Every structure is written in C-alpha cells, then in structure tokens.
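Dear colleague,

Please find below the structure I promised to pass on to you. My notes on it follow directly after.

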Amino acid sequence: MTRTEPAGTPLGDAFHLYDTTLRDGAQREGITYSVTDKLAVARLLDELGVGFIEGGWPGALPKDTEFFSRAAKGELPLKHAALVAFGSTRKAGAAAEKDPQVRALLDSEAPIITLVAKSDLRHIERALRVDVDEACAMVRDTVEFLVGEGRRVFLDAEHFFDGYAFSPETSLRVLDAAAHAGADVLVLCDTNGGQLPLGLAETVGEIKEKTGFRLGIHCQDDTSCAVANSVAAVQAGATHVQCTANGYGERAGNADLFAVAGNLVTKLGMEVLPTGGTAELTRVSHALAEIANLAPDTHQAYVGSSAFAHKAGLHASAIKVDPLLYNHIDPSSVGNGMRVLVTEMAGRASLELKGRELGVDLAGRPDALTNAVRKVKELESEGWSFEAADASLGLLLRREVEEVSGEKSDPPPFELESYRVVLDHRPDGEVVSEATVKVHVAGERVIATAEGNGPVHALDAALRQALLPYLSWLDSMELADYKVRILPSNPGTDAVTRVLLETSDGEHEWTTVGVHGSIVEASWLALCDALVHKSLTVASELEQSVPELGVAAVGG
C-alpha cells in the first residue's frame with residue numbers, strides 16, 4: 001500500500017494509466033457502490049494492471065473513508081497499482097495542516113494524493129470567491145504540506161481548457177504554483193467535456209512547450225470525444241491519462257479505460273499494461289459492469305460483444321479469405337472474439353462462416369448451403385431473427401445438412417403429442433396458469449400437469465415434470481432471460497410475436513428463438529430448441545469422453 005509508482009508495466013513510471021472509476025465513475029446515474037463493491041472493483045483493476053487506482057474522497061464520503069481504512073488494514077493487497085486518495089486543497093484563509101479535509105487525506109494512508117483545484121478565473125472568483133493570489137496559495141500550501149508529509153501529489157486542474165481560453169495567465173499561474181510546490185503531475189481537465197481533439201491537442205502541446213511540466217489529461221465525454229481527446233493529448237505530450245471503466249461517469253461519462261488502453265497498445269504501440277493485460281480487457285470490462293449492476297454495452301469499442309460482429313454478406317466474403325480484412329485488430333488480442341451475424345442480408349459466405357463457428361461444416365455441401373440461405377431469408381421475412389439466437393440457427397443448419405445428405409442424427413430428446421394451457425382467475429384475485437403436456441420420451445407416453453405464474457412458466461414446469469425422470473441433465477437448465485417482441489404485421493392480420501429465450505446450465509448460456517401468432521406457441525418453439533440444443537451438447541460431450549458409448553446415453 002505504500003508504493004507510489006506502478007509496478008509490472010514495461011513503461012513503469014514513465015507513463016501513467018490512471019483509473020478513477022471509484023470516484024468519478026461512481027458519479028454515474030444509477031451506480032451505487034458498497035464498500036465491498038469498491039474493494040472488488042479495485043482488485044479487478046489491479047489484476048488488469050492499471051498503474052493508479054483512485055479510491056475516492058476520504059473525509060468527504062463515509063464509504064470512501066471506510067474503503068481506505070479497510071485497504072490500509074490489508075484487505076486490498078495490490079500487485080500492480082498504487083492507491084490514490086482524492087481531495088481538495090485547503091479552504092481559503094485556513095492553514096493546510098489544520099484543514100480537516102487535508103488531514104483526512106493523510107489519515108487515509110494512501111501513498112498518493114490527487115488534489116483538485118480551480119484553474120478557471122471565473123470559477124476562482126465566482127465559486128471560490130477569492131482572488132487569484134489566494135487560489136494559488138491554497139494550491140501551493142496544500143501541495144507543500146502533503147509532500148512534506150511524504151506523499152506523492154498530483155494536481156487536477158479543474159476546468160483547465162475553458163479557463164485557459166478565457167484567461168491563460170490565471171490557468172498557468174495555478175499550474176506553476178502546484179509544480180513549484182512539488183506536485184509530480186499537472187492534470188489538465190476538460191471538466192465540461194466540450195473540447196474537440198485537434199484543439200485540445202494544440203493546447204496540450206502549447207502548455208508542454210511553455211512550461212516543461214509533466215502533464216496529464218482528464219476528459220469528460222459530453223461531445224463523445226473523451227477517448228479521442230485523451231489519445232490526442234497523449235500524442236501531444238501528456239504522460240498521464242485518467243479514465244474510468246466502461247466510460248462510467250456523470251452526465252455522458254468519462255474516457256473509457258478499455259478503449260483508451262486498447263488504442264494506446266494496439267495503435268500507438270505503448271505497452272501501458274503488464275504482459276497479458278491487454279488480453280484481459282474484455283473479461284474485466286464485463287466483470288466491472290456486473291459489479292455496477294449495469295448491462296455491458298454490446299457496441300463498446302474493443303470489448304463489446306458486437307465489436308467484431310459482422311452482418312453484411314460483402315464483409316463475410318472478405319472475412320472468409322482473411323479475418324483481418326474487416327477487423328482492425330485480432331479480436332483475441334483484447335480477449336474478444338469475432339462473430340458472424342446471420343440475417344436476411346446473409347449470403348453464402350456469411351452462413352458458411354457462421355456454420356463453422358457453430359460446428360456445422362457447410363463448406364463441402366453447396367446444396368445444403370443454398371437451402372440454408374433460402375430458409376434463413378424466408379424465416380427472417382416472417383419475423384424470425386437469428387442474429388441473437390445462435391442455438392436455433394445451429395439446429396436449422398444441422399437439419400438442412402441432414403436433409404441434403406440423407407444422414408439422420410439421433411432423434412430429439414422427446415416428441416410432442418399435444419399441450420394445453422388454461423388461465424384460472426380465482427375469487428381472491430389470484431391469477432394462476434395451468435399447463436398439461438403429453439409427450440413421448442424413451443419409448444413411453446408421458447402426461448404431466450403443472451401450475452405457474454404465467455402460461456409460459458406453467459408450460460415449462462409441466463415439460464420439466466414430464467421429462468426430468470428421463471433426462472437427468474434437465475435439472476441443470478434454467479431460464480436466464482426471456483424477451484418478447486410484438487412484430488409489425490400486415491393490415492387485417494393478427495400480430496406476430498417473437499420470443500428470445502436465453503437458457504443457462506451454470507457453465508454455458510445459449511439463445512433460441514420462436515415466432516408465432518400466439519405468444520405461448522412462440523415460447524414453446526424457443527423452449528424446444530433450447531432443450532434440443534442441450535441434448536446435442538450432452539451427446540457430443542459423451543462421445544468425446546466415452547467414444548464407444550456413442551450418443552445412446554443422452555437420456556441420462
């Protein structure tokens with residue numbers, strides 16, 4: 001906890017990848033970290049290999065005070081990062097050593113302190129209500145005191161770019177006061193997030209040339225330029241860049257740590273993470289989203305599930321020749337993967353690549369490929385959507401291959417005779433659904449009835465009751481997500497419902513789709529696909545572990 005420099009990165013202290021998820025990122029609407037959450041976030045960031053982790057504002061927020069206390073007691077051993085406490089300079093007219101807020105920064109036992117200070121004349125005069133001399137003295141006195149107490153100090157020059165444009169002399173005086181008092185890094189903050197890359201880079205270069213100080217950059221994303229501005233600042237001479245995980249932050253957010261790191265490593269060749277760290281970007285991004293209780297951004301650069309997903313047939317044709325023709329980097333270098341999406345836009349190359357991804361070889365089966373392309377386009381025109389339902393698409397492709405080749409795989413785990421669902425509105429106002437299914441499984445006819453809190457739940461419960469004695473693996477399956485969409489239909493016709501069903505067995509998740517005028521039937525189709533997909537997975541695993549058994553043991 002006493003380390004003041006990053007460890008484990010080839011660039012060491014020469015370049016700082018600084019994370020402020022636990023302070024600035026926590027200001028995002030909808031995020032509320034507990035102290036336990038904050039410790040978990042810090043551990044993940046350290047695993048990734050960031051150089052500095054800003055833990056919060058001790059003394060101002062009780063949870064942050066507790067976080068630093070628990071970290072100091074050994075709950076946060078850091079391998080790569082140095083821990084940073086954030087706070088403000090002394091109050092106007094007070095002595096730094098007697099200011100309670102400054103004392104709280106020392107009490108945190110953090111080896112590094114980042115101080116925030118106004119650097120815009122308008123903020124100094126209107127918000128602080130002091131003159132420039134006193135504002136600079138507040139900075140100088142606080143930095144000198146903390147440095148004298150053995151702390152390394154960084155300065156966040158708040159509203160710097162707006163202030164520099166309004167009164168360059170004032171902003172430079174604030175930087176000068178901090179630097180000559182012993183601050184190691186002067187961070188230029190685009191606090192309002194209004195800068196654009198070319199102008200920001202020009203200012204950073206100008207400040208660097210005028211002062212010779214070590215500069216950092218902190219960008220908000222109000223113009224959607226936080227990442228671009230951060231990278232531009234680095235190219236202009238900044239050697240310290242502040243980010244937040246997944247761009248979390250107030251208003252439109254901050255510079256996204258994963259995009260900034262991805263750009264610095266893959267585009268500028270800067271090894272800002274330890275060996276192997278870049279390949280962990282996707283995993284850590286998703287884990288941090290889970291802690292924040294936010295769904296990962298599927299279209300996030302580098303780490304989003306759609307970051308390397310291709311839909312158009314033209315792209316797929318080129319990808320078939322060389323995946324890098326339409327990927328700006330190898331997806332695996334950031335821990336991600338390439339996907340081919342299959343929709344009505346799909347061509348032969350798209351479907352062939354997708355089949356390969358799903359374990360269905362279409363390359364040597366032109367007739368099956370032709371039929372599959374036609375089938376997908378027909379179904380898509382009727383409202384089916386396979387781009388988010390790989391399990392259903394895999395089953396469709398297998399059926400087309402079997403039909404053309406005449407080769408029949410093992411039958412599905414069960415066959416439906418019929419099902420019925422009724423809704424019971426009881427006198428006390430309770431609404432209960434009851435479903436009855438009649439199926440054939442393992443050569444027997446089975447009838448089962450179950451209740452549920454809705455028709456689909458009841459149907460799922462009845463089917464499980466019927467099949468569980470015969471399919472032991474069914475007990476591991478559970479519904480992970482259920483999405484319903486009512487599709488536009490032709491005038492005079494009934495609405496069509498599309499259901500996406502995400503199923504999990506504790507180790508893997510897969511998505512299936514069903515489309516029908518009845519939401520129950522659409523759900524049934526998706527549910528059946530989920531079961532068949534699982535049965536094929538079980539059969540494949542048995543074949544691999546005990547080849548001589550084949551798939552006869554699929555029933556359990």
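Asp221 has contacts with Ala226, Ala252, Gly253 and Asn254, leaving aside residues up to four places away in sequence. Please note that these findings come from a predicted model. Asp221 sits in the loop that runs between strand E7 (215-219) and helix H9 (226-235). A polar atom of the Asp221 side chain lies 2.9 Å from the backbone nitrogen of Ala226. Although Asp221 is buried, no salt bridge is found for it. The nearest side chain of opposite charge belongs to Arg28, 9.4 Å away.

The next item is helix H10. How many of the 10 residues of helix H10 are buried? Nine of them are, so this helix, spanning residues 257-266, is largely enclosed by the rest of the structure. The buried residues are Leu257, Phe258, Ala259, Val260, Ala261, Gly262, Asn263, Leu264 and Val265. Against which elements do the buried residues of H10 pack? Their partners are strand E1 (16-19), helix H1 (35-48), H9, strand E8 (240-243) and helix H11 (281-292).

Helix H1, one of the elements against which H10 packs, contains Leu45. The relative accessible area of Leu45 is 0%, and the residue is therefore classed as buried, for which the cut-off is under 20%. Not counting residues up to four places away in sequence, Leu45 touches Asp19, Val50, Ile53, Leu257 and Leu288. Among these, Leu257 is also one of the buried residues of H10. For a sense of scale, Leu45 and Asp131 are separated by 86 residues in sequence and by 40 Å in space, C-alpha to C-alpha.

Finally, there is a sheet to report. Three strands form an open sheet in the order E11-E12-E13, and their pairing is antiparallel. Strand E11 (415-425) and strand E13 (444-452) are the edge strands, each pairing on one side only. From one strand to the next, the twist averages 10 degrees. Strand E12 (residues 431-441) is joined to E13 in the antiparallel sense over nine bridges. Thr436 stands opposite Thr449 in E13. As background, the strands of a sheet pair through backbone hydrogen bonds, in either a parallel or an antiparallel manner.

With kind regards

Methods:
Residues numbered from 1 in each chain as written. Predicted model: local features only at pLDDT ≥ 70, side-chain atom pairs only at ≥ 80, totals over all residues. Heavy atoms only, no water. Helix = DSSP H or I, 4+ residues; strand = E, 2+ residues; numbered from the N terminus. Buried < 20%, exposed > 50% of the residue type's maximum accessible area, 1.4 Å probe, protein only. Lys, Arg positive; Asp, Glu negative; His and termini not counted. Salt bridge = Lys/Arg side-chain N within 4 Å of Asp/Glu carboxyl O. Polar contact = N/O pair within 3.5 Å; in protein donor to acceptor, adjacent residues only side chain to side chain. Contact = heavy atoms within 4.5 Å. Pairing = 2+ DSSP bridges. Axes fitted to C-alpha atoms, helices over the stretch in contact; angles between N-to-C directions.
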